[in-house]
Amino acid sequence: MLIAVCTLFSCGGDDPVTDDPIKPEQPENPQDPENPETKTKRIKTLKVNRPSGLFTEDKVAYDNQGRIIQIESHIENSGWFDLPKYDFVTTLTYQDTEVINEITCNGQSYRQILQLNETGYVEKLIYNETEGWDDTFEYWGTGHLKINDSFFTYQYEDGNLVTIADTEGKGTPDLIEPGSIPNKVGISSILLSGEYNTLDYSFLGDSDFDIAVHNSFYLFYSGLYGKPSKNLETSITSGSYSLYYEYELDKDGCPKKIICTELNNGKPIPSNKSEEAFIANIEYWED
């Protein structure tokens with residue numbers, strides 16, 4: 001198993017936050033939030049540092065059409081897996097109606113097949129060809145994700161995701177609060193979490209590994225799972241627990257830092273006791 005072969009991490013270091021984070025309700029220089037600039041910016045590196053002892057650094061490469069073709073990842077940990085650190089490579093191969101999503105680590109490869117519908121969104125995800133395991137997806141007419149197989153339904157208001165619920169109405173729905181910062185890059189901070197990430201598909205059936213890989217974050221950012229929310233999320237809440245997001249923006253209004261805090265009954269959980277808390281730093285390529 002990859003977990004046995006590629007086990008990980010001790011904290012890798014981002015500098016501590018020295019500037020006051022931008023509150024979602026107070027965007028930096030909101031000159032015209034309804035009409036963001038058309039300048040193209042693509043993620044070059046993503047560093048996610050979790051006080052729980054997990055650090056990931058990704059370097060992202062694109063083809064001449066702006067599609068992700070390779071992600072080089074370095075992961076360190078201080079107790080999650082057997083090995084203190086490892087490296088792996090994710091490749092995306094684009095065919096007419098499919099995208100092959102493959103991870104290679106220590107000489108072993110694991111792959112998924114993403115079958116696309118006529119609009120280029122994932123219609124079926126095959127994550128175990130041998131066993132025939134797959135999930136299907138449906139989309140609203142707006143291009144936003146509607147149904148994830150028989151597990152989750154997604155509701156939107158004014159172009160923003162506001163609810164993720166069990167398709168059978170069981171359990172407590174996840175409530176998402178959109179902020180006022182325009183989502184110029186097309187990301188979802190929720191997809192950097194483990195507990196609340198409903199697009200998480202492990203190559204191994206191990207959720208801890210998924211938290212490190214950030215696979216669904218990049219697939220969604222690539223536009224394969226429909227349109228992103230119009231604005232960056234402020235929080236996601238389920239029952240008494242929630243994740244709260246703050247952002248620091250670059251001069252173009254794109255997030256260069258995401259600070260995630262886990263709350264219980266509205267009170268912050270100490271970061272070193274939370275597997276969900278993180279600080280993410282983003283650097284961009286520019287055309």
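The model is predicted, with local features requiring pLDDT of at least 70 and side-chain atom pairs counted only at pLDDT 80 or more, whereas totals for chains, interfaces and linings use all residues. Residues are numbered from 1 along each chain as its sequence is written, and side-chain values use heavy atoms, with hydrogens and water left out.

**Overall make-up**

- The secondary structure comes to 3 helices and 17 strands, where helices (H or I, at least four residues) and strands (E, at least two) are DSSP runs numbered from the N terminus.
- Of the 287 residues in the protein, 50% are buried, buried meaning under 20% relative accessible area, exposed over 50% and partly exposed in between, with a 1.4 Å probe and protein chains only.
- Among contacts (heavy atoms within 4.5 Å) with a separation of 6 or more, 55% join residues 24 or more positions apart.
- The protein exposes about 13700 Å², of which carbon and sulfur atoms supply 45%; accessible areas come from the Shrake-Rupley method with a 1.4 Å probe, and for residues only the protein chains shown count as cover.

**Cavities**

- The structure holds 3 cavities of 30 Å³ or more, a cavity being a set of points on a 1 Å grid over the protein atoms alone where a 1.4 Å probe fits but cannot get out, and lining residues having an atom within 4 Å of a point.
- The largest cavity has a volume of about 180 Å³, a volume being the space filled by probe spheres set on the points, with grid points joined across faces, edges and corners.
- Of the 17 residues that line the largest cavity, Y154, Y156, L161, S188 and F220 are the closest to its centre, and the elements giving two or more residues to this lining are β10 (152–157) and β11 (160–166).
- By class, the lining of the largest cavity has 12 nonpolar, 3 polar and 2 charged residues, where Ala, Val, Leu, Ile, Met, Phe, Trp, Tyr, Cys and Pro count as nonpolar, Asp, Glu, Lys and Arg as charged, and the others, Gly among them, as polar.
- The second largest cavity has a volume of about 50 Å³, and its lining residues include I71, T90, N101, H214 and Y218.
- Two or more residues of the second largest cavity's lining come from each of β3 (68–77), β4 (85–94) and α3 (215–221), and α3 gives the most, with 3 residues.
- The lining of the second largest cavity has 5 nonpolar, 5 polar and no charged residues.

**Nonpolar cores**

- The largest nonpolar core has 50 residues, of which I43, L46, V122, F137, Y225, Y245 and I258 touch the most other members; such a core is a set of buried Ala, Val, Leu, Ile, Met, Phe, Trp, Tyr and Cys residues joined through side-chain atoms within 4.5 Å.
- The largest share of this core, 5 residues, comes from α3.

**Positive phi values**

- H214, in the loop between α2 (207–213) and α3, is not a glycine but has a positive phi, near 60 degrees, and H214 is buried, with a relative accessible area of 2%.
- N265, likewise not a glycine, has a positive phi of about 55 degrees; N265 lies in the loop between β15 (255–264) and β16 (267–268) and counts as exposed, at 59% relative accessibility.

How values were computed: 1 Å grid on protein atoms, 1.4 Å probe; cavity = no way out; pocket = protein on both sides within 12 Å on 5 of 7 lines; lining within 4 Å.
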